[in-house]
Structure formats: C-alpha cells, structure tokens
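Q: I would like to learn how to read features from a structure model, one at a time. Could we work through an example together?

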Amino acid sequence: MTDAELDGVATAIVDVCANVIAYETGDDIETRVPRLPPFDAALPIAALAARAGLDDVETDVLRVLVAAELDRRAHRCMRRLAEDPTQPGIEVDAVVTALEGMGGVAARVLETFDPEERLIGRGLVEWTRTGGPLLTRRGTGVSNGVCRARGAAPSSEGVPATSKLAVTLGQLALGDADAIVGGVPQRRYAQLIGEVASGRPPWLVGPPAIGKRTLVASLVATEGRSVRCIDYRQIAARPLDELVPALWREALIHEAILVIHDCDAATDAPRSPST
C-alpha cells in the first residue's frame, strides 16, 4: 500500500465518518459521496490478496483495516464509528458502516468476518475480542500482513518457522543419473514440484539428515519459491482453529512452501499421508 493508496482509503473513511456525524447531529451540511480509490493491481497488497484468493469485498475490508492500522485519521474515525471507542481493535460494525457508506453491501461485508471465510481462516485478520454478536467483535490486520501490504519484509509470526536454504541442483546427490537434465528436474522430481505447487502435500519418507528439506527447497527454488520449515512437535498440541490460520499466514506472508517435518517422531507409529 503506497502513501497515495493509504491517503485515498483514509480520506474515504473520514468522509464516511463525517456523513455519519452529520446524520446523528442533524447538521444540515452537504454530505460527500465517499469512494475507495481505484485498486492498483501492482501494489503489494494486491499481490497478498491474490495469493490469499480474496474477492473484491474481502480485499476492500483488508484495505480499510490496513489503513486503520497505519493512518491516524482513519484510525480515529474507525474508533468513532464503533459502539465503544475505548476498546482495542477495530469493531466489525465500524468496518461494515465504513464500506456501506462507500456503496458496499453491508450483509456481504459482514460475511467476510465469518471464521470460515478467507480473511479470518487464512490468518490475515485476527480477533482482539470474540464472543457476542459478530457485529460487536473486534479484529485487526496482523502485523506481518500490514508489513507485506506495505511491501516491507515480514518476520516470523504465529508459528516457529525457519527458512531452508536451497542449493543448486547440481549439488544434489539424487542417486539417479537422469534426475536433472540441463538443470531441469526430471520424472518424479518434476512431479514433486507439481504436487507442491498444486497444494497437494507430498509425503517424503527417509532416514534423518539425508536432505529431505534441502531437496524440497532446491527443487521449488527452480519455480522461484522458498521454503519455511516447521517442526511438527512444536505445533501438534495447538488447537486447529488457531493453528490453521497461523500456517496459512506463514505461507502467504512469506510467499513460501511449508515443510512440516518430524511428524513420525512425534507419534507412536508412523502416520499415512492421508492422516
């Protein structure tokens, strides 16, 4: 989100707030017709929205939340639109009011905050207060999401993940003379890249320290992707409604493939790939 984009979104929020205040006080002033600025597909926030599969309404919600995190005018106006401005976080009702005031459909905006929808389910928005009707709940754009929306480098957040450095394919001892031809992975190694890229998680089995993670990192690097490694033993006990958004967020924010390792070591018996 550039300064111009941030200013445009913040100005629209300010205009909605001014219209609401005029309505509540009965002031006879000329109201503006707020509109979000045209969405620039070249912005970092657009790339983040595309990776997360957000639709236009979800993207507008994310734009409003990021503006409320970064712009003081937007932040104060969103708190003014809330039922209780003393509580931390941005109230769902304030987001609905803001986007409805810009021509959005209130019911659709409200739907984007359903835990099964992408903003919550993929970790781009977190609750700061839960319980009660959905309109009264409060959320915030996660700090790494805000960083990525601004084009800044994120840190690890939510899961204990580490990066895995790739090596050139010529350095891999694959035990197959035809594994790499002209720098291009062949046969099952090309299939592995395809499986990873498609979202179907492959299951790699082998003795410890033979380079399974290095293999994945090096192969996906040929597609311009990176790898983040997570020890299964450090996340196995976490509730799924907390863990799944955190994993989504790690992959989206870092633009990475996740490798969850040492799964069998944390169980009494090896698990099948379907498990």
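Q: Is Phe 113 buried or exposed?
A: The model we are reading is a predicted one. Phe 113 has a relative accessible area of 2%, and because buried means under 20% relative accessible area, Phe 113 counts as buried.

Q: Which residue forms an aromatic pair with Phe 113, and how is the pair described?
A: A pair of aromatic rings is described by the distance of the centres and the angle of the planes. Here the partner of Phe 113 is Trp 127, with 6.2 Å from centre to centre and 35° between the planes, a geometry that is called tilted. A search of the whole structure finds one aromatic pair. Phe 113 belongs to the loop between α6 (106-111) and α7 (118-121), whereas Trp 127 belongs to strand β2 (residues 125-129), so the pair ties together parts that are 14 residues apart in sequence. Trp 127, at 22% relative accessibility, counts as partly exposed.

Q: Which charged residue lies over the face of Trp 127?
A: Arg 137 lies over that face of Trp 127, at 5.9 Å from the ring centre. An arrangement of this kind is also found at Trp 248, where Arg 122 lies over the face of the ring at 4.0 Å from its centre.

Q: In what order do the three strands of the open sheet stand?
A: Strands of a sheet pair through backbone hydrogen bonds, either parallel or antiparallel. In this model the order is β4-β7-β8, and the pairing is mixed. β4 (161-163) and β8 (256-261) stand at the edges, and each has a single partner strand, so one side of each is left without a neighbour in the sheet. From one strand to the next, the twist averages 30°. Strand β7 (residues 226-231) pairs with β8 in the parallel sense over six bridges, and Asp 231 stands opposite His 261 in β8.

Q: Which strands does helix α10 touch?
A: Helix α10 (residues 212-221) packs on the sheet and touches β7 and β8, its direction making about 155° with that of β7. Helix α12 (residues 240-254) lies across β4, β7 and β8, and runs at about 140° to β8.

Q: Which residues of helix α2 are buried?
A: In α2 (residues 44-52) the buried residues are Ile 45, Ala 46, Leu 48, Ala 49 and Ala 52. Viewed down the axis of α2, these buried residues fall within an arc of 160°, so they line one face of the helix. After α2 comes Gly 53, whose phi is positive, near 75°.

Technical notes:
Residues numbered from 1 in each chain as written. Predicted model: local features only at pLDDT ≥ 70, side-chain atom pairs only at ≥ 80, totals over all residues. Heavy atoms only, no water. Buried < 20%, exposed > 50% of the residue type's maximum accessible area, 1.4 Å probe, protein only. Helix = DSSP H or I, 4+ residues; strand = E, 2+ residues; numbered from the N terminus. Arc of directions from axis to C-beta. Pairing = 2+ DSSP bridges. Axes fitted to C-alpha atoms, helices over the stretch in contact; angles between N-to-C directions. Contact = heavy atoms within 4.5 Å. Phe/Tyr/Trp six-rings, centres within 6.5 Å; stacked < 30°, edge-to-face > 60°. Lys NZ or Arg CZ within 6 Å of the ring centre and 35° of its normal.
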